[in-house]
Amino acid sequence: MQETILRYDSVEISFNGKPVVTDISFSLKNGEILGLVGESGSGKSTLMKAAMGLLGTTGMVTRGDIFYREQNILDISEKEKRKIRGAQIGMIFQDAGASLCPIRTIGEQIYESMRAHKKVTRAEAKEHALDLFEKMNFKDGKRVWDSYPFELSGGMNQRAGIAIAMLMNPPILLADEPTSALDVSVQKQVLSEMKHLRELFGTAIMIVTHDIGVVRAMADKVLVLKDGRKVEYGRAEDVLNHPQDAYTQRLLSAVPVLRRSDHL
Ligand SMILES: Nc1ncnc2c1ncn2[C@@H]1O[C@H](COP(=O)(O)OP(=O)(O)OP(=O)(O)O)[C@@H](O)[C@H]1O
């Protein structure tokens with residue numbers, strides 16, 4: 001049986017005391033890909049950020065629990081959270097290029113982010129990164145290592161961002177609209193890379209997307225959110241092929257850009 005690695009139990013999240021996500025329960029197993037869908041403002045990003053303790057000063061989990069393995073991550077100190085962030089739970093955002101530092105090379109940023117979690121020399125960090133780049137089929141890993149973000153395409157920066165998120169080999173990767181800033185062919189490449197990482201490392205992935213086609217191509221399970229509430233949650237093939245709720249049916253009627261038959 002696959003182990004449950006992340007579990008939300010009756011979670012409510014509020015900003016300035018006003019609930020925006022209510023009574024959400026689901027679990028993520030090792031190696032599982034969960035798609036979070038729902039219209040804009042339904043609470044997808046908020047739900048994901050809660051696992052990283054990234055709700056800012058005005059947001060907090062006001063009810064329920066979030067467990068990383070057996071540990072309730074709402075109960076731990078900021079210092080312990082920092083240990084989990086990155087090393088146990090990696091995160092990739094819509095525009096990784098924008099979250100990379102523009103005046104330092106990718107290599108320097110990789111070295112620094114690895115050093116934050118373990119003792120490592122620059123040479124070791126480089127060797128590890130080039131190895132990961134190779135696994136991710138980067139054509140010219142050495143050039144990527146030496147490049148500044150502005151020297152790389154948007155797609156390449158996004159792939160470098162995923163590589164950085166995967167450096168510590170976290171068992172969980174949270175991906176918030178990881179491909180929506182990319183054109184369709186690069187989007188396919190990035191998604192297939194993420195699936196490849198899941199196969200290589202058994203990474204569990206939670207992916208927020210507007211694009212039902214992305215969910216079709218990627219997800220094992222789907223959670224549909226509306227106004228911060230769970231509308232449907234289940235196996236992707238069940239939810240996508242036999243949606244029970246009119247809201248899900250409406251979401252699904254959007255034209256998919258990618259299909260499972262695209263063989264990511
Ligand atoms: N920092 C914040 N302060 C106050 N309200 C917030 C904050 N962040 C999010 N919200 C509110 O929480 C609700 C959910 O927002 P969230 O960004 O999670 O939705 P989403 O489904 O990810 O939307 P989108 O698809 O547009 O990114 C919205 O009503 C939003 O206005």
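## Basis of the description

Residues are numbered from 1 along each chain, following the sequence as it is written. The model is predicted, and local features need pLDDT of at least 70, side-chain atom pairs count only at pLDDT 80 or more, and totals for chains, interfaces and linings use all residues.

## Overall form

The secondary structure of the protein comes to eleven helices and ten strands, where helices (H or I, at least four residues) and strands (E, at least two) are DSSP runs numbered from the N terminus. The radius of gyration, which is taken over C-alpha atoms, is 18 Å for this protein, close to the 18 Å that the globule rule gives for 264 residues, so the protein is as compact as a globular protein of that length; the rule itself is 2.2 Å times the number of residues to the power 0.38. Along the principal axes, the C-alpha atoms fill a box of roughly 50 × 45 × 35 Å.

Of the 264 residues, 39% count as buried, a term that requires 20 or more other C-beta atoms within 10 Å of the residue's own, while 12 or fewer make a residue exposed and a count in between makes it partly exposed, with C-beta atoms placed from the backbone. Among the contacts with a separation of 6 or more, 69% are between residues 24 or more positions apart, two residues being in contact if their C-beta atoms, placed from the backbone, lie within 7 Å.

## Two domains

The protein is divided into domain 1 (4–88 + 170–262) and domain 2 (98–169), with bounds that come from an automatic or database domain assignment. Taken over C-alpha atoms, the domain centres are separated by 25 Å, and 15 residues of domain 1 are in contact with 14 residues of domain 2. On the side of domain 1 that touches domain 2, helix α8 (residues 184–201) supplies the largest share, eight residues. That side has twelve nonpolar, two polar and one charged residues, where Ala, Val, Leu, Ile, Met, Phe, Trp, Tyr, Cys and Pro count as nonpolar, Asp, Glu, Lys and Arg as charged, and the others, Gly among them, as polar.

## Strands

Four strands form an open sheet with antiparallel pairing, in the order β2-β1-β4-β5, and two strands pair if DSSP finds at least two bridges between them. Because β2 (18–29) and β5 (71–72) stand at the edges with a single partner strand each, one side of each is left without a neighbour in the sheet. Strand β1 (residues 4–15) pairs with strand β4 (residues 59–68) over eight bridges.

Strand β3 (residues 33–37) has five of its five residues buried, so it is largely enclosed by the rest of the structure. Ile33, Gly35 and Val37 point one way from β3, whereas Leu34 and Leu36 point the other way. β3 pairs in the parallel sense with strand β8 (residues 204–208) over four bridges, and also in the parallel sense with β9 over four bridges; Leu36 has Val208 of β8 as its bridge partner, and Leu34 has Lys221 of β9.

## Ligand shell

The ligand is surrounded by 13 residues, of which the closest are Phe15, Ser40, Lys44, Ser45 and Thr46; a residue is near a molecule or strand if its C-beta atom, placed from the backbone, lies within 6 Å of it. Helix α1 (residues 44–52) gives the largest share of this shell, three residues, and the shell divides into two nonpolar, ten polar and one charged.
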